[in-house]
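Hello,

Here is the structure I promised to pass on. Please open it first, then read the notes below.

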Amino acid sequence: MKKLFIPAFVAVCLFLACKNTAEKTQKEENVQSENERQTSQPPATTKLCFLTTGKDLQRGDRVIRDSTILTLEVTGKQVTGIFKWFPAEKDGRSGTLKGTLADNQVRGKYTFTQEGMTETQDILIKMTEEQAKITTNQGKHGEFVLTAQKVDCK
């Protein structure tokens with residue numbers, strides 16, 4: 001009987017030790033998974049708005065002016081937005097942009113409608129605390145540069 005007792009006792013001890021280790025490992029994995037869920041929340045979205053109105057131009061009995069509106073939504077490094085340019089007495093551009101943010105610069109694609117045509121161009125937006133310098137088609141024929149002042153988003 002003694003010969004069976006010792007191996008049975010060792011087997012039960014090993015079984016209990018392995019079971020406790022497995023339960024402990026599962027609990028540690030659950031805690032780690034919960035911590036990852038808490039720290040891996042999606043990045044917050046920041047909204048930035050820029051506006052400019054050009055000089056008032058007197059045309060007979062009316063006053064006209066250029067306007068530029070830029071609204072950006074930044075989520076992590078991804079940027080989406082709306083860019084509208086309305087020059088005095090000309091057909092303007094109105095469209096959307098998608099790009100990435102790095103070092104206060106947004107690089108991406110701007111898809112807009114102008115004179116009844118839809119076009120896509122590269123866009124570069126260099127931002128400071130006070131303004132955004134907007135360049136489309138940089139270094140190419142038809143390069144276009146505007147500056148807009150930062151304003152509170154409404």
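**Leu-124 and its surroundings**

Leaving aside its neighbours within four places in sequence, Leu-124 is in contact (heavy atoms within 4.5 Å) with Gln-105, Val-106, Arg-107, Lys-133, Ile-134, Thr-135 and Gln-138. This is a predicted model: local features need pLDDT of at least 70, side-chain atom pairs count only at pLDDT 80 or more, and totals for chains, interfaces and linings use all residues. Residues are numbered from 1 along each chain as its sequence is written, and side-chain values use heavy atoms, with hydrogens and water left out.

Leu-124 sits in strand β8. Strands (E, at least two residues) are DSSP runs, numbered from the N terminus. Leu-124 counts as buried because its relative accessibility is 4%. Buried means under 20% relative accessible area, with a 1.4 Å probe and protein chains only. Gly-99 is 25 residues away along the chain, and its C-alpha atom is 9.0 Å from that of Leu-124.

Thr-135 belongs to strand β9. Thr-135 is buried too, because its relative accessibility is 7%. Beyond four places in sequence, Thr-135 has contacts that include Asp-122, Ile-123, Glu-143 and Phe-144.

**The barrel**

Eight strands close into a barrel, in the order β1-β4-β5-β6-β7-β8-β9-β10. Their pairing is antiparallel; two strands pair if DSSP finds at least two bridges between them. β1 and β4 are joined by nine bridges. Thr-53 has Ser-67, in β4, as its bridge partner.

**The core**

The largest nonpolar core holds 20 residues. Such a core is a set of buried Ala, Val, Leu, Ile, Met, Phe, Trp, Tyr and Cys residues joined through side-chain atoms within 4.5 Å. Among those with the most contacts inside it are Phe-50, Phe-83, Ile-125 and Met-127. The elements giving two or more residues to this core include β1 (45–53), β8 (117–127) and β10 (144–151).

**The pocket**

What is the volume of the largest pocket? It is about 170 Å³. On a 1 Å grid over the protein atoms alone, a pocket is an open set of points where a 1.4 Å probe fits, with protein on both sides within 12 Å along at least five of seven lines; lining residues have an atom within 4 Å of a point. Grid points are joined across faces, edges and corners, and the volume is the space filled by probe spheres set on them. β1 gives the most to the lining, with three residues. The lining includes Thr-46, Leu-48, Phe-50 and Lys-150.

Best wishes

Terms used
Buried means under 20% relative accessible area, exposed over 50%, partly exposed in between (1.4 Å probe, protein chains only). Helices (H or I, at least four residues) and strands (E, at least two) are DSSP runs, numbered from the N terminus.
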